[in-house]
Amino acid sequence: MTRRMLDARLCPPVSMSAALAAALLTLGSAQAQTPPARLDDPAAPLREAARTEKRVDLITLYREALSNDAQFQAARFQAQATAEREPQARAALLPSLNASGDFFVRRYDGTNPTVGNTYGDYGAGLSLLVPVYRPQSWETLEQSRLQVLQGENSLAQARQDLAVRLANAYFNVLAARDQVNSLEVQKEATLQQLAQARREFEVGTKTIIDTNEAQARYDQIVAALQVAVGQLLIRRNELRAIVGRDPEVLAGLADTPRLQLPQPNEAAAWVKATEDGNFGVRNARATVEIARREVQRARHGHKPTVDVVANYGIRRFDGTQLSGTEFRANSGNIGVQLNVPLYTGGLTQSRVREALALESRSASDLENVLRTATNSARAAFTGVNFGLTQVQALESAERSARTQLDSTRLGYQVGVRIQLDVLNATTQLVATQRDLKRARYDFLISGLNLKAAAGSLAEDDLQAVNRLLTQ
């Protein structure tokens, strides 16, 4: 069975995955009952549809996830909301103009029955306030600018997290698919061994023990295949939750991808880049600055405020208490208003102490975030370097396993090896190939995690990974 046939048989879209899983299980059960005769494959139409389905790659799903992923959309709307804090804070430093109006119906009754009147009282006015000196409002404005910066950093962090989550989910699907492919190959080889054992038992050259051993091994592989197919469906659903749609058939990693170490290939350089560029560290530093300005804002509670105030009003009366004569009165004033806090019951001092404690806490939080980020960078850097070493070791192991399989097949043909030896060599080869692919996936994920820790992960990095996929 060729790799292309296996890939086509075992990579169904989610819309047909449940049916395919059931078909695989039915197929395995039927073959276990009546080997070695080959039955019609009930999953063949589904697998053929999967083979002809257009493959979707990583970058395509990433661009769709930017619009469909719920976590990223929530972060985007949060950033939009946070961006409004600066104009709200600036409003406290700009002039404010208000209009007002009123209408009253007034009635006057006196003790003299001949005296009494009902009249209307109309009024309208404008009031203007121009802040001149408000130190607390200036600190609030600077804090709001830092909060807007934090919102932008959080959105950038969410974009990076989306890229990493998507890549993890994508390669988890490929790894689950590789596991199914590996078990399929083992199942086919075991089925051949079982058929051979039955034939040799029928002619009397082998005992029933060989047949039972082959049957037991076949049943174990079929059971493992059922679990693997279920795991594949779970992984595909995880990817679907991010993309928001059926991920279809995924493009696999090339047989011999060119894996390259990150540049510069020095842990210290990446740790330094993380200290400067990590978005979590940036936000923690902004939080420290916000806390420092909060201390200043609390201390400004002792200072006076100065405003320019102006008012202009018009009132109209339809009459008075004793007369029905109409008249109108206009009035206006302008001046400077000074407010000096003399005693607030210790409120200002308490707020200063609170702000100082919060400033110290934010400094400790910054140190914790910095340590966590740099540790993540070191772990990712180690994962990349040791991951490539593991890939190279498994590539060597694959070549050895392939050579061993060829030698075992030759030995079987000349009679110095038995079919069980061929089966074991085949199992070893497909297991090594599966592990090699998983190691390559882990290497690529570690590279993305490393750049995410440094705050430099971008779509171009996903494009570089995407170019390693088969189209």
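This is a predicted model: local features need pLDDT of at least 70, side-chain atom pairs count only at pLDDT 80 or more; totals for chains, interfaces and linings use all residues.
Residues are numbered from 1 along each chain as its sequence is written, and side-chain values use heavy atoms, leaving out hydrogens and water.

Here are two helix pairs (helices are DSSP runs of H or I, at least four residues, numbered from the N terminus; axes are lines fitted to C-alpha atoms over the stretch in contact, with angles from 0 to 180 degrees between N-to-C directions).

| Pair | Axes come within | Crossing angle |
|---|---|---|
| H4 (residues 58-68) and H8 (residues 208-243) | 7 Å | roughly 60 degrees |
| H11 (residues 347-414) and H12 (residues 419-453) | 7 Å | roughly 160 degrees |

H4 and H8 are therefore oblique to each other. In this pair, Leu-61, Glu-64, Ala-65 and Asn-68 of H4 meet Leu-239, Ile-242 and Val-243 of H8 (contact means heavy atoms within 4.5 Å). The contact residues of H4 with H8 divide into five nonpolar, one polar and one charged (Ala, Val, Leu, Ile, Met, Phe, Trp, Tyr, Cys and Pro count as nonpolar, Asp, Glu, Lys and Arg as charged, and the others, Gly among them, as polar).

The angle between H11 and H12 is roughly 160 degrees, which makes H11 roughly antiparallel to H12. The residues where H11 contacts H12 comprise 20 nonpolar, twelve polar and seven charged.

How values were computed: Angles under 35 degrees count as roughly parallel, over 145 as roughly antiparallel, 65 to 115 as roughly perpendicular and the rest as oblique.
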